Amino acid sequence: RKDYAGIKVFSKDILGQTKDASRQVALTKIMQEADYAEIQNFAKSGEKTQAAEKLYSFFKENKTSPLAKDSLWQAMSLYYSSGLVIDGADLAIVYAKAYPDDPRSIDALKDAAKNYADNGFLVEAASTLQTLTVKVPKDADKNIEATSELYLLDGNIKAAQASLNKLLNGE
């Protein structure tokens, strides 16, 4: 069994003592990997919500790390599997903004829109569908129609009409 906390402390101590840039990068990577591995072990304990929070914190603190993308995706997945679908949907939006070119961002947005709509977060669902309209032009008409319907259900007739005008004008 690895002592991840010890590895992080030792690496941090050495990091503070070195001026060599390549060594600093390597030590930072070691600390990030130890932190990520520690969170992975924690996630195995079954505390999905806490693990999701830790993974999201890791993402926020290590956005340049190659592990950041996976930590955010895992956090989102853990929220969904814990039944915290709105938290999962919120992280799907974060994921799509952080990694707009990742093909998984489209699936994340589709899941977010569905979960928002299913739970009565109509404005959030409509906003997410508007984002999908831009990202997936072949589905634009369908998403604009759904956006309009969601605004109508929410009682926002002007937004519903504006959405339908986009469809009619081919925007």
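Contact here means heavy atoms within 4.5 Å. Keep in mind that this is a predicted model.

Q: Which helices are included in what covers the buried residues of α6?
A: Start with what needs covering: in α6, the buried residues are Ser105, Ala108, Leu109, Ala112, Ala113, Asn115 and Tyr116. The cover over these buried α6 residues includes α4, α5 (85-98) and α7 (122-135).

Q: How far apart are the end C-alpha atoms of helix α6 (residues 104-118)?
A: Helix α6 has 15 residues, and at 1.5 Å a residue it should span 21 Å. The model agrees with that, since the end C-alpha atoms of α6 are 21 Å apart.

Q: Which residue just after α6 takes a positive phi?
A: Look just past the end of the helix, where phi goes to about 85°. The residue with that positive phi is Gly120.

Q: Is Tyr116 buried or exposed?
A: The cut-off for buried is under 20% relative accessible area. Tyr116 has 4% relative accessibility, so Tyr116 counts as buried.

Q: What kind of aromatic pair do Tyr116 and Phe121 form?
A: The structure holds 5 aromatic pairs. In the one formed by Tyr116 and Phe121, the rings are 6.3 Å centre to centre, with 45° between the planes. Planes under 30 degrees apart would count as stacked and over 60 as edge-to-face, so the rest go down as tilted. The pair of Tyr116 and Phe121 is therefore tilted.

Q: Which residue lies over the face of Trp73?
A: Trp73 is among the buried residues of α4. Ring pairs also link Trp73 into a cluster with Tyr56, Phe59, Tyr95 and Tyr99. Over the face of Trp73, at 4.2 Å from the ring centre, lies Arg104.

Q: What span should helix α4 (residues 68-81) have?
A: Helix α4 has 14 residues, counted at 1.5 Å a residue.

Q: With which residues is Ser163 in contact, leaving aside its neighbours within four places in sequence?
A: Ser163 lies in helix α9 (residues 157-169). At 4% relative accessibility, Ser163 counts as buried. With those sequence neighbours set aside, the contacts of Ser163 are Ile144, Thr147 and Ser148.

Technical notes: Residues numbered from 1 in each chain as written. Predicted model: local features only at pLDDT ≥ 70, side-chain atom pairs only at ≥ 80, totals over all residues. Heavy atoms only, no water. Phe/Tyr/Trp six-rings, centres within 6.5 Å; stacked < 30°, edge-to-face > 60°. Buried < 20%, exposed > 50% of the residue type's maximum accessible area, 1.4 Å probe, protein only. Lys NZ or Arg CZ within 6 Å of the ring centre and 35° of its normal. Helix = DSSP H or I, 4+ residues; strand = E, 2+ residues; numbered from the N terminus. Expected span 1.5 Å × (residues − 1).
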